[in-house]
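I opened this entry to keep track of what I looked up, strand by strand. The sequence and structure come first.

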Amino acid sequence: MASTSPYTLKWGIMATGWIAEMFTKDLLTNPTARDVHDVRHEVVAVASSSAKERAADFIKLIDAPASTKAYGSYHELVADPDVDIIYVATPHSHHFQNAMLALDAGKNVLCEKALTVTASQARKLVDKAREKNVFFMEAVWTRYFPLSIQVRKLLQEGAIGNVYRTIADLSFNRDAPEGKVDFDDSHRMINIDLAGGALLDLGIYSLTWVFQTLYHMQPEEVKETPKVVAAINKYHTGADETTSIIVQFPEHKSMGIALTSLRVGTDVDGLNSAGAAIRIQGSGGEIHVMGPAYRPLQYKVIKKDGGGKIETFDCPIPKDEARDWGHGMFYEADECARCVRDGKKESASLPWSESIVIMEVMEEALKQGGVTYPERITSDVFEPHGALNTGKR
């Protein structure tokens, strides 16, 4: 008789920054608050590359169980036999080395987006996951929202006919006097040493909508590698401040336009007065997704023959009232748990091949825009004891 107890996935958290805090708080919420009863999560260890004390402080900050272990190195974390899966929450610049460290140790891995800095790095991570026979996924949390699943289902059912174009934008107005933006030059958003720039941090969400509504919908036997045309305005640090990408699928007669900027905002007044952040356009209508692109809570369906009627669907993020928390990252964690439980090595909603193609698109866009990153963060040579894995300079 099958067990009725939920499957428990035991997590190790690599890094202690803001994104790690958001994700780990979601892991600690009660799954029943989001009507999930088949899987649950346990945080068993947290690691900082600089000091054990930082990991211990993080554990207190998120109110994790007292049994949660604190480590002062990533090597200790990946060696912990109690850890089933590692969540890599470091800057983009570190993803390849940090994820490779965990995969090489035989751990399942969920790695924050953008997966890597180069496509070559992404391919090597996939090869390592395949070699070690472990689960590996890019943490594009938006793909696992009920809203995204509903939108993909509508497209699959032909709700707006043949889909020919998706226009998606994620931009924040951080414009400042004298040609600056209001980030210090050392900030990860514009720091070239941390793979900063609008595209890898924000634009990947625009591409997420382009890909999950166009490329992802293509049958496997006719998947089409896109043609890419890009334009970039560079910031004085060398990072991209505004990027526009056209992704063309000529065989499917479709194209996507992915936009991102640090100079203007998608949502001008914070009230969605400017309209949809994402427009998915088909022969029989449109689906409008209200932003932000990374955490949308509402979409609208407008039919060509609908007589002006607009169907609006709200998809709020459920909150665990006991912890007074619910951000939405638990959905991707649930996907990881189900995949590991079922012996799957990749998620059908974001397979390895698709993460690689998206990295190829971003790499090509950056190349066309003349954005280059330092060799130490673009290298695809694994250095287990290098600075990116040890925190040592």
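**Ground rules.** I am working with a predicted model, where local features need pLDDT of at least 70, side-chain atom pairs count only at pLDDT 80 or more, and totals for chains, interfaces and linings use all residues. Residues are numbered from 1 along each chain as its sequence is written, and side-chain values use heavy atoms, with hydrogens and water left out.

**Open sheet.** I looked up the strand order first. Six strands form an open sheet with parallel pairing, in the order β3-β2-β1-β4-β5-β6. Strands here are DSSP runs of E with at least two residues, helices are runs of H or I with at least four, and both are numbered from the N terminus. Two strands pair if DSSP finds at least two bridges between them. β3 (69–71) and β6 (136–139) stand at the edges with a single partner strand each, so one side of each has no neighbour in the sheet. Neighbouring strands of this sheet are turned by 30 degrees against each other on average, direction ignored. I took axes as lines fitted to C-alpha atoms, for helices over the stretch in contact, with angles from 0 to 180 degrees between N-to-C directions.

β1 (residues 7–14) and β4 (residues 85–88) run parallel and are joined by four bridges. I13 has Y87 in β4 as its bridge partner.

**Helix α8.** Helix α8 (residues 330–341) packs on this sheet and touches β1, β2 (39–47), β4, β5 (108–112) and β6. Contact means heavy atoms within 4.5 Å. The direction of α8 makes about 120 degrees with that of β1.

I then picked D334, which is found in α8. Is D334 buried or exposed? D334 is buried, with a relative accessible area of 1%. The cut-offs are under 20% for buried, over 50% for exposed and partly exposed in between (1.4 Å probe, protein chains only). Leaving aside neighbours within four places in sequence, D334 is in contact with R34, V36, V39 and H41.

**Strand β12.** Last, I looked at β12 (residues 285–290), where six of six residues are buried. In a regular strand the side chains alternate between the two faces of the sheet. In β12, G285, I287 and V289 point one way, and E286, H288 and M290 the other.

β11 (residues 278–282) runs antiparallel to β12, with five bridges between the two. They form a hairpin with two residues between them, and Q281 stands opposite E286. β12 also pairs with β13 (residues 298–303), antiparallel and over six bridges. There, I287 has V301 as its bridge partner.
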